[in-house]
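Today I wanted to look up strand pairing and aromatic rings.

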Amino acid sequence: SARVSSGPWLSLGCPQGVSFRVSSNEQALLPGMTVTNEPGYYEDGAFGIRIENVLAVKTADTPFKFGGKEYYGFERFTMVPIQTKLMETKLMTPAEIEWVNTYHAEVRAKVSPRMSGRALEWLLRSTEPISA
């Protein structure tokens with residue numbers, strides 16, 4: 001049987017750990033903390049794949065403050081291309097394709113200035129936009 005796993009799994013650097021189960025830890029997320037988002041697919045007894053991204057909690061700039069409360073969002077730390085050869089783009093929604101392309105554009109913009117030669121060539125190939 002197959003299982004699909006979706007993050008976020010939380011890693012706050014505390015010994016008791018934190019998971020997606022609210023009852024496992026009552027620690028509130030605060031700006032500066034990190035979490036991991038680890039969606040995956042697993043075939044029992046066969047294989048599993050997972051894409052893991054580290055995110056930082058940050059204050060979100062929202063158009064409304066809803067009673068003056070501060071809201072949080074996430075900033076990506078992980079800046080590595082996702083292997084598109086493994087994607088069956090015909091099965092992806094337009095929103096999923098847009099998410100991958102936006103992520104890869106961000107990776108390219110932030111990482112390419114620090115690369116050269118063959119490494120840069122690889123990065124540019126690996127972050128090319130995909131389509132259905």
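Predicted model: local features only at pLDDT ≥ 70, side-chain atom pairs only at ≥ 80, totals over all residues.

I started with strand 4 (residues 40-43) and strand 5 (residues 47-50), which run antiparallel and are joined by four bridges. Strands here are DSSP runs of E with at least two residues, helices are runs of H or I with at least four, and both are numbered from the N terminus; two strands pair if DSSP finds at least two bridges between them. I looked up Tyr-42 and found its bridge partner in strand 5 to be Gly-48. The two strands form a hairpin with three residues between them, and Gly-45 in the turn has a positive phi of about 75°.

Residues are numbered from 1 along each chain as its sequence is written, and side-chain values use heavy atoms, with hydrogens and water left out.

Next, the rings. Rings of Phe, Tyr and Trp (its six-membered ring) pair if their centres lie within 6.5 Å; planes under 30 degrees apart are stacked, over 60 edge-to-face, the rest tilted. I get two aromatic pairs by this rule. Tyr-41 and Phe-47 have ring centres 6.3 Å apart and planes at 45°, so I logged the pair as tilted. Trp-99 and Tyr-103 are stacked, at 5.4 Å centre to centre with 5° between the planes. Both lie in helix 1 (residues 94-111), four residues apart, about one turn of the helix.

Last, I checked burial (buried is under 20% relative accessible area, exposed over 50%, partly exposed in between; 1.4 Å probe, protein chains only). Trp-99 is partly exposed at 40%, whereas Tyr-103 is buried at 1%.
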